[in-house]
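Me: Hi! I have a few quick questions about this one. Could you go through it with me?

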Amino acid sequence: MACSGNRTQICGGGYRLSVYGPAAMASSKLVVAHFMVGNTYSYTSATWLKQIQLAAAQGIDAFALNIGGYDSWTDTQLSSAYNTATSSGTGFRMFISFDATAIPCDNNGANLIRRYISTYAGHAAQLKDAQGRAYFSNFAGESCTFGRGSVDAGWRYVTKEGLPSTVFLPSFFTDPASFSSTYPTSMDGYFLWNGGWPMGNYQINWGPDAQAIAGTRNGRPNALYMAAVSPWFFTHYGPNSWNKNWIYRADDWMYIKRWEDLFAHRNEIDLVQIVTWNDYGESSYIGPIEKDQPNSQAWVNGFDHNGWLKLVKYYATGFKNGAYPPITQDQIYLWARPHGKNDVASSDSVGRPNNADWTQDYLWAVLFSTGTGTLTLSSGSNTQSFNVVAGVNRFQLAQNVGGVNARLVRGSTTIFNFTPSGFTFTHSPSTYNFNAYVASYP
């Protein structure tokens, strides 16, 4: 039976509906994507061009190039990334994000960071602000002094002293209330990495961002704020590897809800960073699955996330312009996990991931609709129909063993009847996989 609702109603546990309208005036905003250079060992300039063109087509302005500094291919691939961006004709930009979990906080680390800033700050493809200052960011390193007298002096030395003008937006994992006293001269703003997911068993919300913004702009009202958005998180490495085995809660259309929050708070945000383009090991990728993976093939291969990439254009346009573009085509986006959260894997040496109880066994659906109609979703033998309105509609359906299908009917016309290939839900997994299979049509 179809479920009728309005713009705020939740019907029968089956779906939630959200329709977007125009908002504030446009202003200068940027959308960038976190890019793991460690996963580019075999890249050629053609591979870089493919990534750049895909990202630019969806409204992404730049890659934040995560480097640890000691992979043998880092220098070659950084040069290729920047040079290919320049020659691509897209206007796409690059900037470096220094991974302080892999870069030492000593003089060697300081010299490495300074070398990269000196090399790329003036590059034609370097992301810069209106004053010509080069953007740089980092991951962790909140306690690094680089041999100086304080963390503030250390980061000021490696990112500013005797270097081209920079805008440094670190992702420090510490209380934002301490920023003005701990980093008074080194930070030009802040990037809240963990804002991309809820840190517990609850829906994502704006609270952590509000706290981060207050701390960042305490005493420096013009400091920049870079917000995170991520579609998913699952990692499954055992003790003999990186010893990372957990999920973050991504239910209730988290990716969509986060974009909505960014739109609602766009006047407080300068940049949005999508986490990530290609971190396969943490299942947060929206870019294509390439062959250079950090031993994550067991939970990544066959789990395409291209549908999440295709969603970026709509939400990035809304964030940057202050108004969402009109919906001119019916489009469906589906995602789900491959097995139940309580299922026991028959041959998995790593074990059930931590926080597995935080998720629910649902098929999540987002429909961009040009008008009213009826959407029927199926997961195995479980089928339910929902009333659709013009706009962005969100639905959920309990998963059952088998494949999935989505059919949209408007009047007597079937708009689409979509059965994604390659996806099957089971209760008998051989290994634990809490990654998502994502499909879209057309």
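Me: Is phenylalanine 146 buried or exposed?
Reply: Phenylalanine 146 is buried, with a relative accessibility of 1%. Buried here means under 20% relative accessible area, exposed means over 50%, and partly exposed is in between, using a 1.4 Å probe on protein chains only. Keep in mind that this is a predicted model: local features need pLDDT of at least 70, side-chain atom pairs need 80 or more, and totals for chains, interfaces and linings use all residues. Residues are numbered from 1 along each chain as its sequence is written, and side-chain values use heavy atoms, without hydrogens and water.

Me: Where does phenylalanine 146 sit?
Reply: Phenylalanine 146 is in the loop between E6 and H4. The labels come from DSSP runs, numbered from the N terminus: helices (H or I) have at least four residues, strands (E) at least two.

Me: And what is its phi?
Reply: Phi of phenylalanine 146 is near 55 degrees, which is positive although the residue is not glycine. Most residues other than glycine have a negative phi.

Me: What about aspartate 252, what is its phi?
Reply: Aspartate 252 also has a positive phi, near 55 degrees. This aspartate lies in the loop between strand E11 (245–247) and H7 and counts as buried at 9% relative accessibility.

Me: Which residue forms a salt bridge with aspartate 252?
Reply: That is arginine 249, with the closest N and O atoms 2.8 Å apart. A salt bridge here is a side-chain nitrogen of Lys or Arg within 4 Å of a carboxyl oxygen of Asp or Glu. Arginine 249 is buried, as is aspartate 252.

Me: How many salt bridges are there in the whole structure?
Reply: The search finds 16. One of them joins arginine 258 and aspartate 209, at 2.8 Å from N to O. Arginine 258 belongs to helix H7 (residues 254–264) and aspartate 209 to helix H6 (residues 207–216), so this pair ties together parts that are 49 residues apart in sequence. Both arginine 258 and aspartate 209 are buried.

Me: Asp152 takes me to H4. How many of its residues are buried?
Reply: Eight of the nine residues in helix H4 (residues 151–159) are buried. Among them are Asp152, Trp155 and Tyr157.

Me: What covers them?
Reply: The cover includes helix H3 (107–120), strand E6 (134–139), strand E7 (166–169) and helix H5 (179–182). Contact is taken as heavy atoms within 4.5 Å.

Me: Changing topic: which cysteines form a disulfide?
Reply: Cysteine 105 and cysteine 144, with sulfur atoms 1.8 Å apart (the cut-off for a disulfide is 2.5 Å). Cysteine 105 is in the loop between strand E5 (93–99) and H3, and cysteine 144 is in the loop between E6 and H4, so the pair ties together parts 39 residues apart in sequence. Cysteine 105 is partly exposed at 32%, whereas cysteine 144 is buried at 3%.

Me: Where are the cis peptide bonds?
Reply: One runs from valine 275 to threonine 276, with omega near 15 degrees. Another joins tyrosine 441 and proline 442, with omega about -10 degrees. Threonine 276 is in the loop between strand E12 (271–274) and helix H8 (297–300), and proline 442 is in the segment after E20.

Me: Last one: what lines the largest pocket?
Reply: It is lined by 34 residues, and Met36, Asp99, Thr101, Lys244 and Asp279 lie nearest its centre. A pocket is an open set of points on a 1 Å grid over the protein atoms alone where a 1.4 Å probe fits, with protein on both sides within 12 Å along at least five of seven lines; lining residues have an atom within 4 Å of a point. Strand E3 (30–36) and strand E4 (62–67) each supply at least two of the lining residues.
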